[in-house]
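Let's take a friendly walk through one protein model.

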Amino acid sequence: MSAMRLDGKQIALEIRNEVARDVQQFVAAGNAPPKLAAILVGEDPASQVYVRNKERACQRAGIASQLDRMPATTTPAELLERIDSLNQDASVNGILVQLPLPETPVGEPALDERAVLDAVDPMKDVDAFSPINVGLLMQGRPRFLPCTPHGIIQMLHRSQIETAGKHVVVVGRSEIVGKPMAMMLAQKNGSCGPETANATVTLAHSRTQNLAEICRTADILIAAVGRPEMIRGNMIRPGAVVVDVGINRVDDRLVGDVAFAEAEQVASAITPVPGGVGPLTIAMLLHNTLLAAKLQAREGAVG
Ligand code: NDP
């Protein structure tokens, strides 16, 4: 068997076109184009690429963007002040702080990722990392959905892969991917309806025992670990759907968390790396920026 490839690029393009069309309507109704402000601290090469890709995607969708570059020597107070000024700036609808934040030189106060993310106004929190937005998601009444897990839900839905009643194993429990992914799949309803929710979810991590055995019970296996090709073909149940979130650089090549050549012999459908989940993450960021602009326009009209 050779698995069907889930073409994240194509699905992301579909979503981006939908967002671009909705942005046009939003602007035609008399609103300013939505605007995303990104803060990039330091010189991390991968982060530079991600931020550039996000800017380019905004441009194509008719979303304005601004990039604030801050040096790696930025102090916590300076960064918090920058975030605060974006919070106050009515022309900015969405704020994202590109992670990871750089290591601070010895002796200098460290940039605390949690404190930084907490400082973003929850109404502009297009990454959905603030405690308020995480709490709303947990309670099944989300405002913004985190981009990577939401992209995966959209991809499954648009590929006619239902999760209701299925056993989904999510490997990795980060705040950005694994945990919200598990939470979204376990909800009674979701952004794509009840058929792309209502899963029976197992959330695995580094302390999980018998990982291979657990993975083999998955109808849908989602790997978000950050370890190149750790999910082998023999950890996949024949016919399972495999979603590979991992992006790992190995000898100048990007590889996922799944050993693709082995996995595609066993799975019924699989996402490639690159060209799988990555493009969807950016598409959902555009979606959230437009949503933020709509929510703020509504609030302004009411207030
Ligand atoms: P984190 O490093 O924050 O989390 C990794 C998780 O994997 C942790 O929960 C960890 O467990 C778990 N883990 C580590 N080793 C093992 C193991 N041997 N067995 C089982 N679980 C293990 O990573 P992220 O979630 O931020 O990212 C994961 C991957 O996804 C990375 O490659 C990243 O680059 C990629 N990524 C891709 C995105 C995209 O758009 N495609 C977006 C975001 C991330 P524990 O909690 O016990 O430490």
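## Ground rules

What you see is a predicted model, where local features need pLDDT of at least 70 and side-chain atom pairs count only at pLDDT 80 or more, while totals for chains, interfaces and linings use all residues. Residues are numbered from 1 along each chain as its sequence is written, and side-chain values use heavy atoms, with hydrogens and water left out.

A quick word on labels: helices (H or I, at least four residues) and strands (E, at least two) are DSSP runs, numbered from the N terminus. "Buried" stands for under 20% relative accessible area, "exposed" for over 50%, and "partly exposed" for anything in between (1.4 Å probe, protein chains only).

## Charged pairs

Side chains of opposite charge can pair when their charged atoms come close. Here, a salt bridge is a side-chain nitrogen of Lys or Arg within 4 Å of a carboxyl oxygen of Asp or Glu. How many salt bridges does this rule give? The count is nine.

Start with Arg 5 and Glu 264, whose side chains form a salt bridge at 3.6 Å, N to O. This pair connects distant parts of the chain: Arg 5 sits in strand E1 (residues 4-5) and Glu 264 in helix H9 (residues 260-266), 259 residues apart. Glu 264 is buried, at a relative accessible area of 13%.

Helix H9 also holds Glu 262, while Arg 232 is in the loop between strand E7 (220-223) and strand E8 (241-244), so their pairing ties together parts 30 residues apart in sequence. In this salt bridge, the closest N and O atoms of Glu 262 and Arg 232 are 2.5 Å apart. Glu 262 is partly exposed at 34%, and Arg 232 is partly exposed at 32%.

Now look at Arg 21 and Asp 22, a salt bridge with its closest N and O atoms 3.2 Å apart. Arg 21 is partly exposed, with 46% relative accessible area, and Asp 22 is partly exposed too, with 22%. There's also a network of salt bridges that links Glu 14, Glu 18 and Arg 158.

## Around the ligand

Which residues are the closest to the ligand? They are Arg 173, Ser 174, Ser 206, Arg 227 and Thr 281, out of 21 residues that surround it. The shell splits into nine nonpolar, 10 polar and two charged residues. In this sorting, Ala, Val, Leu, Ile, Met, Phe, Trp, Tyr, Cys and Pro are nonpolar, Asp, Glu, Lys and Arg are charged, and the others, Gly among them, are polar. Helix H10 (residues 277-302) gives the most to the shell, with three residues.

Next come the polar contacts, which are pairs of N or O atoms within 3.5 Å; within protein, one must be able to donate a hydrogen and the other to accept it, and residues adjacent in sequence count only if both atoms are side-chain atoms. An oxygen atom of the ligand lies 2.5 Å from an N or O atom in the side chain of Ser 174. For Arg 173, the distance from a ligand oxygen to a side-chain N or O atom is 2.7 Å. A nitrogen atom of the ligand is 2.9 Å from a side-chain N or O atom of Arg 227. Taken alone, the ligand exposes 920 Å², and the protein buries 70% of that.

## A buried histidine

Is His 150 buried or exposed? His 150 is buried, at 2% relative accessibility. You'll find His 150 in helix H6 (residues 147-158), and its side chain makes a polar contact of 2.9 Å with the side chain of Ser 191.

Most residues other than glycine have a negative phi, and most peptide bonds are trans. Now for some exceptions. A cis peptide bond joins Leu 99 and Pro 100, with omega about 0 degrees; Pro 100 is in the loop between strand E4 (94-97) and helix H4 (113-119). Another cis bond runs from Val 273 to Pro 274, with omega near 0 degrees.

Asn 210 has a positive phi near 55 degrees and lies in the loop between strand E6 (200-204) and helix H8 (211-215). Glu 229 isn't a glycine either, yet its phi is positive, about 55 degrees. Glu 229 belongs to the loop between E7 and E8 and is partly exposed at 30%.

## A nonpolar surface patch

Finally, Tyr 50, Ile 247 and Leu 254 form a nonpolar patch on the surface, with about 240 Å² of accessible area together. Accessible areas come from the Shrake-Rupley method with a 1.4 Å probe; for residues, only the protein chains shown count as cover. Patches consist of residues with over 30% relative accessible area and no salt bridge, with like charges joined within 9 Å and nonpolar side chains (Val, Leu, Ile, Met, Phe, Trp, Tyr) within 5 Å. Ile 247 is partly exposed at 45%.

How values were computed. Near = heavy atom within 4 Å.
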